[in-house]
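Have a look at the structure below and take your time turning it around. We will then walk through it together, step by step.

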Amino acid sequence: MTEPFDAVRELQLAHVAIGNGQLSNAAMHIAAALTVDPNDETVLATLDALIDFAPNPHTLIELKGDVDFGSAAVRAYVLNRLGKIDEALPLLLHVAQTRPDVPFLSWVSRWLRKPQALAHIGERAVDTIAA
């Protein structure tokens with residue numbers, strides 16, 4: 001049986017990775033921390049800072065092969081921050097279907113409060129929500 005992540009330790013490791021310029025590694029540690037509490041404001045602030053700092057945030061988390069649910073959630077978060085809510089929503093909904101016990105869907109209400117968010121939701125996202 002695997003042990004649950006220690007969010008504090010994962011956040012510390014993320015900061016070390018950022019300091020060493022290992023941004024993708026930092027994103028993976030942040031993803032692990034968010035599996036403990038997706039609404040931890042300290043972890044989310046670190047993720048926001050990482051997205052702002054990264055030269056190409058798209059490369060922080062790439063969905064190739066088997067991807068854990070925390071990484072998929074962070075990828076959705078990054079996509080939303082980059083203005084791609086129509087890509088972020090279906091991905092986050094898939095994460096929520098996979099792990100309904102982890103409250104990642106609380107992010108959606110934050111996302112939809114942004115001005116113009118609804119205008120950017122494409123047909124694909126609407127179809128996923130309606131399904």
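What follows is a short tour, starting with confidence and moving on to aromatic rings, a helix and one asparagine.

Keep in mind that this is a predicted model. The mean pLDDT of the protein chain is 88, and 84% of its residues reach 70 or more. Which elements have the lowest and the highest mean pLDDT? Helix α7 (residues 123-130) has the lowest, at 50, while helix α3 (residues 41-53) has the highest, at 97. Where pLDDT is low, predicted coordinates should not be read in detail.

Now let us turn to the aromatic rings. How many aromatic pairs does a search of the whole structure find? The search finds 4. One of them joins Phe69 and Phe104 in an edge-to-face arrangement, with 6.2 Å from centre to centre and 75 degrees between the planes. Phe69 belongs to helix α4, whereas Phe104 sits in the loop between α5 (85-98) and α6 (106-112), so this pair ties together parts that are 35 residues apart in sequence. Are these two residues buried or exposed? Buried means under 20% relative accessible area. Phe69 has a relative accessible area of 19%, so Phe69 counts as buried. Phe104 is buried too, with a value of 1%.

Trp107 and Trp111 make another pair: their ring centres are 6.2 Å apart and their planes meet at 40 degrees, so the pair is tilted. Trp107 and Trp111 are 4 residues apart in helix α6, which means that about one helical turn separates them. Trp107 is buried at 1% relative accessibility, and Trp111 is buried with a relative accessible area of 3%. Putting the rings together, Phe69, Tyr77, Phe104, Trp107 and Trp111 form one aromatic cluster.

Next comes helix α5. This helix has 14 residues and reaches 20 Å from its first C-alpha to its last, close to the 20 Å expected at 1.5 Å a residue. Several residues of α5 are buried, including Ile85, Ala88, Leu89, Pro90 and Leu91.

Finally, look for Asn80, which is found in helix α4 (residues 69-81). Asn80 has a relative accessible area of 7%, so this residue is buried. Which residues does Asn80 contact, leaving aside its neighbours within four places in sequence? Asn80 is in contact with Ile85, Ala88, Trp111 and Lys114.

Note on methods
Residues are numbered from 1 along each chain as its sequence is written. This is a predicted model: local features need pLDDT of at least 70, side-chain atom pairs count only at pLDDT 80 or more; totals for chains, interfaces and linings use all residues. Side-chain values use heavy atoms; hydrogens and water are left out. Helices (H or I, at least four residues) and strands (E, at least two) are DSSP runs, numbered from the N terminus. Buried means under 20% relative accessible area, exposed over 50%, partly exposed in between (1.4 Å probe, protein chains only). Contact means heavy atoms within 4.5 Å. Rings of Phe, Tyr and Trp (its six-membered ring) pair if their centres lie within 6.5 Å; planes under 30 degrees apart count as stacked, over 60 as edge-to-face and the rest as tilted. The expected span of a helix is 1.5 Å times one less than its number of residues. pLDDT is the predictor's confidence in each residue, from 0 to 100.
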